[in-house]
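This report describes selected features of a predicted model. The sequence and structure are shown below.

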Amino acid sequence: MTQFLTVAYHFLANILLRAALVLYEHLITMGDEIRLIWLQTPSYATVLYLGNRYLNLCVILFEVITTFVPVSDKVLDSLLHSSMPVADACFVAGVRLFSNV
């Protein structure tokens, strides 16, 4: 039982540590992101950067919420199934936005 608790503790600590590091990185690089990404002409590199940056943040926040906030299986299933159309819509919007570049 002690080994199980140790593994569970390390699992939870790992999730919190990753979330803290991602949020910290977002905060300390926000000024550079605004200057170098948001105020420039959109390009394919911009799409890749923003997709990587914010998809990672969404995954980490989703992991924290599903780990530490008690939700029923029904709610969790609806969140997982409803996220795919959102991802598809974001992809289509990105393609349309940058098709004229």
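Helices are DSSP runs of H or I with at least four residues, numbered from the N terminus. In this predicted model, Arg53 has its place in helix 3.

Leaving aside residues up to four places away in sequence, Arg53 touches Glu25, His26, Thr29, Met30 and Glu33. Among these neighbours of Arg53 is His26, a residue of helix 1 that is itself buried.

## Helix 1

Helix 1 covers residues 2-28. Its 27 residues should span 39 Å at 1.5 Å a residue, and the 38 Å between its end C-alpha atoms agrees with this expectation.

The buried residues in helix 1 include Ile15, Ala19, Val22 and His26. Their cover includes helix 2 (30-38) and helix 3.

## Nonpolar surface patch

Phe11, Leu12, Leu16, Leu23, Leu61, Ile65, Phe68 and Val69 make a nonpolar surface patch of about 670 Å². Two or more residues of the patch come from each of helix 1 and helix 3 (44-68). Helix 1 makes the greatest contribution, with four residues.

Ile65, one of the patch residues, is found in helix 3. Its relative accessibility is 44%, so Ile65 counts as partly exposed. Patch membership requires over 30% relative accessible area.

Terms used. Residues numbered from 1 in each chain as written. Predicted model: local features only at pLDDT ≥ 70, side-chain atom pairs only at ≥ 80, totals over all residues. Heavy atoms only, no water. Patch = residues over 30% accessible without salt bridge, like charges linked within 9 Å, V, L, I, M, F, W, Y side chains within 5 Å. Areas by Shrake-Rupley, 256 points an atom, 1.4 Å probe, with all protein chains shown as cover. Salt bridge = Lys/Arg side-chain N within 4 Å of Asp/Glu carboxyl O. Buried < 20%, exposed > 50% of the residue type's maximum accessible area, 1.4 Å probe, protein only. Expected span 1.5 Å × (residues − 1). Contact = heavy atoms within 4.5 Å.
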